[in-house]
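Welcome! Let's take a friendly walk through a protein model, one topic at a time. Have the picture ready as you read.

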Amino acid sequence: MNTVVSGIRSTGKLHLGNYFGALKNFVRMQHENQCYFFIADYHSLTTHPTPENLHGSVKQVFAEYLACGLDPEVATLYVQSDVPEIPELYLLLNMNAYLGELERCTSFKDKIRSMPNNVNAGLLTYPTLMAADIIIHKANKVPVGKDQEQHLEMTRTFAGRFNRLYKVDFFPQPVAYNFGEQLVKIPGLDGSGKMGKSEGNAIYLSDEPKAIRKKVMKAVTDGGPTEPNQPKPEPIQNLFTLMNVVSSADTVEFFNEKYNSCVIRYGDMKKQLAEDIIAFTDPLRLRIEDILSNTDYLRKVAERGAEKARESASRTIKEVRNIIGFKPF
Ligand code: TYM
């Protein structure tokens, strides 16, 4: 059986990118594998949330995991900061993570550009914390979106380096996983790039229908194709990519034909896309609200999850300490 680990940062609420890039696969994987899914609240500290915001976001994302169909009786659902073995392993891995490789990481370079006044050590060592999250359970599969590929590569580097340094075959080499298909990248509707909270272009699972219609109707398009069967420019391809994940194959085919024969009306396509997104998100939104109002239930699930996660994490850390040479006299 595979051991699966994945997480999502607690930076507010989940958007369609998180769902189709990661959460959907968490749900698909939970029955056939030993799964650990968590809320990465330590990771979210790089941007210094207030205590209220941090607490609210963790609760929100936890409720969203459950609303999307993660079953706490089957998978282990927990909050990263409830498992102190993770920061211990992070500290140990940092001793063999080198400045050059951390500085070369694309997500670090992006952050230097987007938040030049807050280039903190947590940002630099983000990949070692992520590696600790994964190898603390000796996972071999990690369901993530395309943007996390490099972090997974670094995880393999750190795991392999530990094994070589101590001449052991202890940590497996975990791989990013999407059921044999390419990793997913859900675009934003602002013309280029991925959908993301910090990109300011996200459609959230908990958005009201009115907000979704407004966001989709504002999506960037162009003057329309002038010749049949031309490749689609990025903003248009993005509309189709989103449609591919929320609409029926017939609907996608309908608009594809209209595009290829140069008679597409983007207004009609956006209206349809908005309604298909709403049909998908609205039952989730209601379930999220329902679960959020049940704090007792959320607390119980989180406590049980932390217990199960710590059982596995403490087994690993005990062996790691022994391998490194931290032994009782
Ligand atoms: P985060 O919180 O940015 O995103 C969580 C998950 O959602 C996926 N995702 C997307 N997939 C496709 N298209 C998009 N537009 C899109 N936006 C987000 C991400 O690929 C990710 O799978 N470092 C991680 C969190 C993390 C983690 C881990 C993941 C911490 N420790 C250990 C796996 C294992 C992150 O920032 O993801």
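How many disulfides does the count come to? The model you see is a predicted one, and the count comes to zero disulfides. Take Cys35 as an example: the nearest cysteine sulfur belongs to Cys68 and is 15 Å away. A disulfide needs two cysteine sulfur atoms within 2.5 Å, and Cys35 is in no disulfide. Cys35 counts as buried because its relative accessibility is 1%. Cys105 is buried too, with a relative accessible area of 1%.

**Two domains**

Now look at the chain as a whole. The domain assignment gives domain 1, made of 3-184 + 294-324, and domain 2, made of 209-289. Their centres, taken over C-alpha atoms, are separated by 32 Å. Eight residues from domain 1 and nine residues from domain 2 take part in the contact.

What area is buried between domain 1 and domain 2? It is about 720 Å², and carbon and sulfur atoms give 84% of that area. On the domain 1 side, Leu16, Phe20 and Ala67 supply 66% of the area buried against domain 2, more than any other three residues. Helix H1 (16-29) and helix H2 (51-67) each supply at least two residues of the side of domain 1 that touches domain 2. The largest share of that side, four residues, comes from H2.

**Salt bridges**

Side chains of opposite charge can pair when their charged atoms come close. The structure holds 14 salt bridges, and the table shows some of them.

| Residue pair | N to O distance |
|---|---|
| Arg321 and Glu88 | 2.6 Å |
| Arg161 and Glu101 | 2.6 Å |
| Asp282 and Arg285 | 2.9 Å |

The side chains of Arg321 and Glu88 meet in a salt bridge. This pair links distant parts of the chain, with Arg321 in helix H13 (residues 295-324) and Glu88 in helix H3, 233 residues apart. Arg321 is partly exposed at 34% relative accessibility, and Glu88 is partly exposed at 27%.

Arg161 and Glu101 also meet in a salt bridge. Arg161 lies in helix H8 (residues 149-165) and Glu101 in helix H4, so this pair ties together parts that are 60 residues apart in sequence. Is Glu101 buried or exposed? Glu101 counts as buried, at 16% relative accessibility.

Asp282 and Arg285 both lie in helix H12 (residues 266-292), three residues apart, which is about one turn of the helix. Asp282 is buried at 19% relative accessible area, and Arg285 is buried at 10%. Salt bridges with shared partners join Glu208, Asp282, Arg285 and Glu289 into one network.

**Two residues in loops**

Asn96 sits in the loop between H3 and helix H4 (99-103). Asn96 counts as buried, at 18% relative accessibility. Beyond residues up to four places away in sequence, Asn96 touches Glu101, Phe158, Arg161 and Leu165. Two of these names, Glu101 and Arg161, are the partners of a salt bridge in the table.

His15 is found in the loop between strand S1 (3-9) and H1. His15 counts as buried at 6% relative accessibility, and its side chain reaches the backbone nitrogen of Gly17 at 3.0 Å. Leaving aside neighbours within four places in sequence, the contacts of His15 include Met195, Lys197, Tyr204 and Leu205.

Methods
Residues are numbered from 1 along each chain as its sequence is written. This is a predicted model: local features need pLDDT of at least 70, side-chain atom pairs count only at pLDDT 80 or more; totals for chains, interfaces and linings use all residues. Side-chain values use heavy atoms; hydrogens and water are left out. Buried means under 20% relative accessible area, exposed over 50%, partly exposed in between (1.4 Å probe, protein chains only). Domain bounds come from an automatic or database domain assignment. Contact means heavy atoms within 4.5 Å. Buried area is the accessible area (1.4 Å probe) that two parts lose on being put together, summed over both. A polar contact is a pair of N or O atoms within 3.5 Å; within protein, one must be able to donate a hydrogen and the other to accept it, and residues adjacent in sequence count only if both atoms are side-chain atoms. A salt bridge is a side-chain nitrogen of Lys or Arg within 4 Å of a carboxyl oxygen of Asp or Glu.
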